[in-house]
Amino acid sequence: MKKTVSGIMLTLLLIGMLTLTFNITPVVATDSLNDPLGTPNSSDPNLPGDHPPTTYFMWTGHGGLKISAIGSPAAPNPSGSFNISGIPAGSSIVKAVMYTTSFEQSPVSVSATLSGNALSAVTPFAHDAGTGYSYYDLCSWRWDVTAIVTGDGIYPFTTSGMAGQAFLSALVVVYSNPSEPLRQVIINDGAESLYAETGTETSTSTFSNVQAGTGTLIICTSADDSLGTSESISFNGIVILGPGDVFWGNLGYPAGLFHLSVSAVAGTNTVNVTTDIDWIGWHIAILISELPPPACMPVGGYSFPIQVQTKTEPIIPYIALIATLTAIFTKLRPKTKRKR
Ligand SMILES: [Ca+2]
Ligand SMILES: [Ca+2]
C-alpha cells in the first residue's frame, strides 16, 4: 500500500514537472511549410528579396516609355491584345519587350506570337523556385520585340508551353522623339514571390546611376486579390501607396498595374513592395525620370541673330574694289621689275 502511495506521489510529481516544463518552453506555431509563422527561411518560396526586379535596360534621350499590361484568369498560356497608345507619330522604337508570367509553374520553355510573328521558345529569365515546393514556382519570360513594334497600335499575342497559372502579361515600349522632353528610362524585371502568413514581408528593387528628375514609377504584380490590409509601395523609404489592400487585381483579373508620381534623386533610388497575407508575384518596376535642361543651356535654348549683311547685294561694291586693286597691282608689278 505504501509502495502504491509512493508510486502515485512520484507519478504526480513527474506530471507536475512535465507541466512546468511545457509552460516554460515557448510553443512555436508552424505554418503549412513547417516553418515558424512569420519567419521565412531559404526553403520558402515566399522568401522576401530573393528574386526582386533588377535592371534589364536603361536609356536616356528625348522620348519616353509606354506599357500595356493584361490580366488573365489563372489559366496557362494567356493570350489577348496589347494596346499601346501615347507614342507621338514619327517616333523611333528604341526597345520593345513582351512579358508573360505564371505561378505554380516549373521553369519550362515558353514560345509566343506577337502580331502574328513567331517568338522563339525561351526559358524564364527569372524564377522563384521555392525549393521543395515546386508547385509554388513563379516564372517570368520575356522576348525582345523591338523589330515588331512600330508605335501606337493593337498588338495581339499568344503564348504556349506553360502549364501553370498565368495572371500577367505585358508589352513595354521605349521610344525616341526629338520633340519629347529629355528622359531617363530604367526597366527592372524579375519574379519575386512574396507572402507573409503573419506580419508583412517586403522586397526591394534598386535603380542605380539615376539622374535626378520628376517622373513616374510603374509597378506590375500578379496573383494579387482582395486580401490584406498592410500592403504598400514605398519609394526611397517613403510610402507612396497604402498601407491597405493595394494589390487587388486592378487589371480585372488577379494582376496589378500602377503608375505613381515620384521625384528621383541622383544616384541610387529604391522601391519597396510590401504584402501581408496576399501571396503575390512582383515582376516589373520601371522608373521614368524627366530630366531638367542642362545648367549651361538657358530655358528655351540658344538663339543666334540673323545678320542682314549676309545678303549678297552689299558685298558687290567690295568685290569691285578688290578687282580694281588687283588690276592696278598687276600693271604696276612689271614696271617695278623694269626699273631694277
Ligand atoms: Ca521570393
Ligand atoms: Ca491584396
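Predicted model: local features only at pLDDT ≥ 70, side-chain atom pairs only at ≥ 80, totals over all residues.
1. Sheet order. An open sheet is built from 9 strands, which run in the order β6-β7-β3-β9-β1-β10-β17-β12-β15 with antiparallel pairing. The edges are taken by β6 (126-128) and β15 (255-264); each has a single partner strand, so one side of each lacks a neighbour in the sheet. On average, neighbouring strands of this sheet are turned by 15° against each other, direction ignored.

2. Pairing of β3 and β9. Within that order, β3 stands next to β9. Strand β3 covers residues 92-103 and strand β9 residues 166-176, and the two pair in the antiparallel sense over 8 bridges. One of the residue pairs to inspect is T100, whose bridge partner in β9 is S169.

3. Cis peptide bond. The bond joining G242 and P243 is cis, with omega at about 0°. P243 belongs to strand β14, which spans residues 238-244.

4. Positive phi at N209. This residue, which is not glycine, has a positive phi near 55°. N209 is part of strand β11 (residues 201-210). With 13 other C-beta atoms within 10 Å, N209 is classed as partly exposed, because that class lies between the limits of 12 or fewer for exposed and 20 or more for buried.

5. Positive phi at A223. Here too a residue other than glycine has a positive phi, near 65°. A223 sits in the loop between β12 (213-222) and β13 (231-235). A223 has 28 other C-beta atoms within 10 Å and is therefore buried.

Notes
Residues numbered from 1 in each chain as written. Chains lettered and ligands numbered in written order. Helix = DSSP H or I, 4+ residues; strand = E, 2+ residues; numbered from the N terminus. Pairing = 2+ DSSP bridges. Axes fitted to C-alpha atoms, helices over the stretch in contact; angles between N-to-C directions.
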